[in-house]
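Please keep the sequence at hand while reading.

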Protein chains: 2
Amino acid sequence: MMKIAIDAMGGDNAPSAIVEGALDAHREEGIESVLVGEPERIEAELKRLGAPKDTFDIRAASQVIGMGESPTKSVKSKPDSSMRVALQLVKDDEAQAVFSAGDTGGAFATGLAVLQRMPGVQRPAIAALIPTLKGFSVMLDVGANLTPRAQHLFQFGVMGAVYTEEVFKKPAPTVGLLNVGGEDSKGTDVLKSVHEIFVKSDLNFVGNVEGSTIFQGGTDVIVCDGFAGNVALKVSESLSEMLTTLLREQIVGSMRSKIGYMFLQNGLKSMRQRTDYSEYGAAPLLGLGGICTIGHGRSNSKAVKNAIRTTASIVKVDLNAKIQTEIDKHISIQRSGDVGWRLWNQIRTGIFYEKVTEEEKKSGDEEDEGNPPS
Amino acid sequence: MMKIAIDAMGGDNAPSAIVEGALDAHREEGIESVLVGEPERIEAELKRLGAPKDTFDIRAASQVIGMGESPTKSVKSKPDSSMRVALQLVKDDEAQAVFSAGDTGGAFATGLAVLQRMPGVQRPAIAALIPTLKGFSVMLDVGANLTPRAQHLFQFGVMGAVYTEEVFKKPAPTVGLLNVGGEDSKGTDVLKSVHEIFVKSDLNFVGNVEGSTIFQGGTDVIVCDGFAGNVALKVSESLSEMLTTLLREQIVGSMRSKIGYMFLQNGLKSMRQRTDYSEYGAAPLLGLGGICTIGHGRSNSKAVKNAIRTTASIVKVDLNAKIQTEIDKHISIQRSGDVGWRLWNQIRTGIFYEKVTEEEKKSGDEEDEGNPPS
């Protein structure tokens, strides 16, 4: 039976919003969870919410990774953090996925330390949903890799496409590259390289996408480095809020507007829903050796419930096995198809054999399987 | 007398919107312009608009840099482009500034070729205005430098602060660094370096700014690389449009909403004005050896008029002289204050003297005056 390990202590509204969201997901969708954190506080919340005894397993964790804490430090200094204990449940096959609304950097670093990378994946990435006029797009990476290389970005595209196809049931999803112009020649050297790799690949690549066309929709997967993705995501969130505030100011300013607002209320509400993060909830860390999703730090119970539902649907489609298949396929295509790569492989296994393997042993962090020399 | 050279052929609505905007700026604000482009087409527009003969000087240019054309190629292949001829007028002191709504890359590359960099400035930058809840912020760079170094970013901050102080009359403007988190330790190595330089400087540096807080306002100058800045600017533009479209959809959908919209109209209009690029118009290319501003490719006549007014106000405050003073001051502070730099200087002028100067002659593009070794 599927169980989701939940970091009950992560997020601005933890543990109350987290426990409440988990309870709603259980009541409404029948999703089983293990709540990880301070047992007394978790039990107090469950009691407050009137949950029957033994609704959830509870696992004790004595530490919490705080918001804004140094991710690498927290991995080392907090061996008993709720995030780490929750991840360990997945590692030990006691749960099939983890959800946390805690610090993104902390979740990512701890996830990488406990679950490690999926074989062949060079850099895991955070995939977020952004609302568009036609529904939404998957954008990755939105913060884990600030300066990825071309091959990393290509793998983001592969993983994002599998995620979109499997979880949102969009066959042959379109993949675009976030850039400063539509022409192939635009952007940094890294973007020009990955553009070429995408064109050669069997992905449904639609070329460069500009910041100005993201919200028009039409591109299912938007690939970008973690810095630009993070800025784009946060800017769009913040702008929605600004526009709502401006509208409210206008409304408070005049009686005429107030009357108008009363009539418009339903329309505004439905508009807000389409751009509201709590409707979407969870962003998966794609490319880890286990399923791990994160939620907005400000998640309320509704956002947590939706996030848990999304996490369960990722487990149901066996996403990681499907990503693994595609990653393996692309590595083998690149290996067999690229003459340059074959030559390089010969050189590696020939003259420099010992030297290269020694270096490879050292650089566990820089595993570059299937990365043709550029 | 001040004259502004106008690229009459640049932009999606050229020459009609450009000529009309120039005429409105002349009629309403008394601003003198030289219109550059195909004389017959420009004269036809003036006639259509009922402008008296000899309202403007007209300079013939036989070529136009198209939207999306390769900037470096267009510099070489189009010696008689309207952009280039307009810039030459500034170079020859026949005009005090240039305005173009043509391709940003083309304008920037041609501007750099004709006007060159201001002495001491390593990378000129495009400074755009973005609307916030408290008014607006100046963001730079928004597309000229995709991968700037720390010292380049620092100079963006210096130039942006002078621009904000002189043109928008904000004393001691606050300067922030666009980053993926508020903590000092966040971001790429380049961002960490420039963070340190800003902290040591006498600028009113407020630390890192996240995409999520930009629209709250409060930071007068937001420094970023051209890639992230371009994405942020275009995302915000595009999102405003999406929200307006969504709102309109809701309104068309129900009678109740339609009535509401009628009452709200004034409020919505004033909200749109605050986020409408045509209210702001011009983005200066800061750090060139002459004043050059660019407008949105989609500029209508109102946007062009506002852009020309902004350009005139930049000329009036003698912005470039003020930027030059500040750039010189910071270079001399860094030179005298940094012991490491002094040592480096001694080594340069000592042992490696001849070699270094030879290299400096070659690398006109990589002028690194005042750049302490990092």
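The axes of helix α4 (residues 82-91) of chain A and helix α5 (residues 104-115) of chain A come within 9 Å and cross at roughly 35 degrees. Axes are lines fitted to C-alpha atoms, for helices over the stretch in contact, and angles run from 0 to 180 degrees between N-to-C directions. Helices (H or I, at least four residues) and strands (E, at least two) are DSSP runs, numbered from the N terminus. This is a predicted model, in which local features need pLDDT of at least 70 and side-chain atom pairs count only at pLDDT 80 or more, while totals for chains, interfaces and linings use all residues. Residues are numbered from 1 along each chain as its sequence is written, and chains are lettered from A and ligands numbered from 1 in the order in which they are written.

**Helix pair**

- In α4(A), residues including M83(A), L87(A) and K91(A) meet a set in α5(A) that includes G106(A), T110(A) and V114(A); contact means C-beta atoms, placed from the backbone, within 7 Å.

**Sheet**

- An open sheet of mixed pairing is formed by 11 strands, in the order β3-β2-β1-β4-β11-β10-β5-β6-β9-β7-β8 (chain A); strands pair if DSSP finds at least two bridges between them.
- Its edge strands, β3 (57-60) and β8 (204-210) of chain A, each pair on one side only.
- From one strand to the next, the twist averages 30 degrees.
- Strand β7 (residues 174-179) of chain A runs parallel to β8(A), joined by 6 bridges.
- N179(A) has E210(A) in β8(A) as its bridge partner.

**Helices on the sheet**

- Helix α1 (residues 16-29) of chain A lies across β1 (3-7) and β2 (32-37) of chain A, at about 170 degrees to β2(A).

Note on methods:
Contact = placed C-beta atoms within 7 Å.
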